[in-house]
Amino acid sequence: MPTTAFADVTASDSALRRFLHGLPGVDAVGLEARAASLGTRSIKTTAKAYAIDLAISMIDLTTLEGADTPGKVRALAAKAVHPDPTDRTTPTTAAVCVYPDMVATAKEALKGADVKVASVATAFPAGRAALDIKLADTRDAVAAGADEIDMVIDRGAFLSGHYLRVYEEIRAVKEASGPARLKVIFETGELSTYDNIRRASWLGMLAGADFIKTSTGKVAVNATPANTLLMLQAVRDFREQTGIQVGVKPAGGIRTSKDAIKFLVLVNETAGADWLDNHWFRFGASSLLNDLLLQRQKLATGRYSGPDYVTVD
Amino acid sequence: MSDTPARLGVFKTYKLYVGGKFPRSESGRVYEVTDSKDKWLANAPLASRKDARDAVVAARKAFGGWSGATAYNRGQILYRIAEMLEGRRDQFVREVADAEGLSKSKAAAQVDAAVDRWVWYAGWTDKIGQIAGGANPVAGPFFNLSTPEPTGVVAVLAPRKSSFLGLVSVVAPVIATGNTAVVIASEESPLPALSLGEVLATSDLPGGVVNVLSGRTAEIAAPLAAHQDVNAIDLTGAADDEALAKELETAAADNLKRVLRPQAVDWNETPGTGRLTAFLETKTVWHPTGSLGASGSSY
Amino acid sequence: MNQTSTPASPSPFEYAPAPESRSVVDIAPSYGLFIDGEFAEAAEGKVFKTISPATEEVLSEVARAGAEDVDRAVRAARKAFEKWSALPGAERAKYLFRIARIIQERSRELAVLETLDNGKPIKETRDADLPLVAAHFFYYAGWADKLDHAGYGPNPRPLGVAGQVIPWNFPLLMLAWKIAPALAAGNTVVLKPAETTPLSALFFADICRQAGLPKGVVNIIPGYGEAGAALVEHPDVNKVAFTGSTAVGKAIARQVAGTRKKVTLELGGKGANIVFDDAPIDQAVEGIVGGIFFNQGQVCCAGSRLLVQESIQDELLDSLKRRLSTLRLGDPLDKNTDIGAINSAEQLARITALAEAGEAEGAERWSPACELPSSGYWFAPTVFTGVTQAHTIARDEIFGPVLSVLTFRTPDEAVAKANNSPYGLSAGIWTEKGSRILAVANKLRAGVVWANTFNKFDPTSPFGGYKESGFGREGGRHGLEAYLDV
């Protein structure tokens, strides 16, 4: 039990429900206003350079398409290792994130590099499959060398109030993940309310999530400043009460350096400096990287760059 | 030839009306009230500063319940006052005729108008909130509503000349909205006001909502104007005395009482809402609305 | 606490200075009084200096109005009144719309100016003050030709010349709150800005010229209290509008006693921000911080008394202190500054004295680690715990970044404590229970109640106090009444 402080709250479905429903409510307008207010921070010069490199290092460079091929994955891996071929001081991304059947290819392509391989699993993105299939999916990815597993929760079970079922599923996947770090995706756009996002965050952390992650990138609303702020509050409070630090990964919809920097401000001023590290914060993104690179080139040279000066992968 | 003497009438001892009771002045003093031809009518209590203080205590005590009553309930009670008054019409016609030197028919017109005034204000209790308040369309995700609320304890200097219609015209709007009142009756003609207390006492009006004092206006008004637990003052009764009005308004500034300055009023005209709104505060409450879900279109 | 200049936090993500450019505003070395459409020296030739409270740098020298100047300004306003009040409402409206638009056009300039003269963060002048100023003129512009429909009877008449005295905490916004409804209703005005913040009002005079506003409709007379008193006392002033301290408000109420002058007063407050145990805690913490540290707490409706339910006291205070440690105090022109300078040495002395009284009376004082700039007027965000109703800091308006924390056990106790004040301007309620919000809001004797939010303002929303917080309302349809003969 990773969270003995809360052992009793997961003892039964009703205890878990009481606990989750007893968490402080979230006022949507106030939460969004706070996120918007932090979004007005003006990050310039040295701070911007720091933030851009940090953001690059936090990217889970992702391809999750039905059309993915080994070639596509190898190109992505190369990009992760050398995001800007013209500037070898550019940090590597944190990981590449692929489907389980592409893990071996990615692992091979990243041999020797300090870039992790993350794999979505558990019948991503819908999560609509039997538990043993989800677990097999997970074990398959880990066996192929995945360092990290990005699972999706059963939103249907969550929304129908079967919290213990969701909890137990996460625990089972955690166990199946073995040494791999487990990111738990809530699909916040489907949970719909901020109260649900807070409850899901605690549920995930109680079940042993190493990361809590907003979304799959496959629905209309993915990461937003507000839902990420809310999850940052959750990991902050969870560490305060249990001593256990959990990471946060907003995914989907973050495309510009400006957006990424706003998220880093959220991290800095909500969870705090301890989370300003790719061990504790990630961006699930693909196109974001090129924009960060363009901004990085602009800072280095003083002139605006263009899309011809970053690689298209 | 009967030697049975003519029946001797029974005089009424006029008393103050404070906290729903009919005390004599704590000073033990009275003053002579005469009609317009200087004929003695009665002895009226000469209220003291202490009577004024007691009246404020009673009015404050009554404020929570009265302001918290539903507007519908207040309307019913004000209407009940009109009913009770109608039943004692003859008494008030006589008292008003004596007080103001009016013919019986003119006095009757005054009393009828006073009854109708209670009815007018009875109907306002549950409408003024809609007239004076409302939703404000703020530029943001907030529900925003302004509501009028009673100011609190109001000291009322009833008009000197119009001893009954004028009196009713200044008292009814104060209590219609949920304020409580300490009323100083017309100094020269206090008897209709003191009799009104008897009507109020039998109209389901909670004790202390209206308190009626008689005596020297300047003497009673001064402590009321300076009283820190009085929220507002209606100076109508100081209309003929600029110096007094100024002195009272100056004293009222100490706790920033709302002051209704004396002005020329034709009591026979239909009143507007001015006397209702004079003793109302506007409270504005904000609450976030927000979207139904976190997946809303805020981004 | 982070400071924009010297890093005090271990965070590797140290925000570099991000100053807003000063070059957008051109402050002249001296300004006159604006009377009858012209800038002029004071009759007695007196001047005073206005400084930047963040640096003590002299920004400009401004003519100081005396009684003779007040008289001249009132005469100009009187002369202009006849034509202005006779203009069709639609024409008056268009002048006000013009003013609103010019304010929008020049909003960055005015924001920087206000930050320089007042000391408040550019973030606030840019995102709060200026948008609200423009919105206020835009809102009342629309009323000018609709007064017949405002609920004050047919053809309501203006009062005449309005004498307006405004404070230094929101200089341009308070000007807007005064001038917009006055002009919409057909009055002309003489406005005295505060002596520590005259500049934005003088820039507004220039905006009136750009808008082609007829001469004498708006007159601006910078000066001290004596000019304000002369304006209030002037026999040809029909309306007095004042925002400022309760003490001065009472003096004005005495001054106008026995006259026919209509008066509205927007005075002090000691707002209670009530946090129940079922509050949305993270948002409540933001509301508490915004409630007392917005504009360095120099806000009449500040939530200066935190009333927290005892059962969540520790949790809430921990969160609050953690949050306060992230506030950034420093250069008001830096776009990342949360806490700017105190407006004047005098105000700083008052805050300091009251905070010392809090300590002397046994309350526990706490501030985040905080390095204050060496020049200018600064006060660290301060929280007092263990405060009771009997403490001076629970009763007196401090008008600074000082929060007094009190506790309660039941809703009744919360309401009783919240109302236990001669003031009655604002209050806050934090709870997820709807019926409790409505019940508590109903019982609070305060003119503005923010439930699950705080310090929100809007031109359509009436603002003003109960009891010694003043009388009359500004904003919304209610705000018109103050400038109409009704």
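**Figure 1. Where helix 2 of chain A meets helix 9 of chain C.** In this predicted model, Gly30(A), Leu31(A) and Arg34(A) come from helix 2 of chain A, and they meet Gln283(C), Glu286(C) and Gly287(C) from helix 9 of chain C. Sort the residues of this contact by class and you get 1 nonpolar, 3 polar and 2 charged.

**Figure 2. How the two helices cross.** As for handedness, the crossing of helix 2 of chain A and helix 9 of chain C is left-handed.

**Figure 3. Chain B, end to end.** Take the principal axes as your guide, and the C-alpha atoms of chain B fill a box of roughly 105 × 40 × 30 Å. Chain B has 10 helices and 10 strands to pick out. Of its 299 residues, 53% are buried. Now look at the contacts in chain B between residues at least 6 apart in sequence: 76% of them join residues at least 24 apart.

**Figure 4. Confidence along chain B.** The mean pLDDT of chain B is 95, with 96% of its residues reaching 70 or more. Residues 295-299 of chain B are another story: pLDDT stays under 50 there. For this stretch, the model has 7 contacts beyond four places in sequence.

Key: Residues are numbered from 1 along each chain as its sequence is written. Chains are lettered from A and ligands numbered from 1 in the order in which they are written. This is a predicted model: local features need pLDDT of at least 70, side-chain atom pairs count only at pLDDT 80 or more; totals for chains, interfaces and linings use all residues. Axes are lines fitted to C-alpha atoms, for helices over the stretch in contact, and angles run from 0 to 180 degrees between N-to-C directions. Helices (H or I, at least four residues) and strands (E, at least two) are DSSP runs, numbered from the N terminus. A crossing is left-handed if the near helix is turned anticlockwise from the far one by less than a right angle, and right-handed if clockwise. Two residues are in contact if their C-beta atoms, placed from the backbone, lie within 7 Å. Ala, Val, Leu, Ile, Met, Phe, Trp, Tyr, Cys and Pro count as nonpolar, Asp, Glu, Lys and Arg as charged, and the others, Gly among them, as polar. pLDDT is the predictor's confidence in each residue, from 0 to 100. A residue is buried if 20 or more other C-beta atoms lie within 10 Å of its own, exposed if 12 or fewer, and partly exposed in between; C-beta atoms are placed from the backbone.
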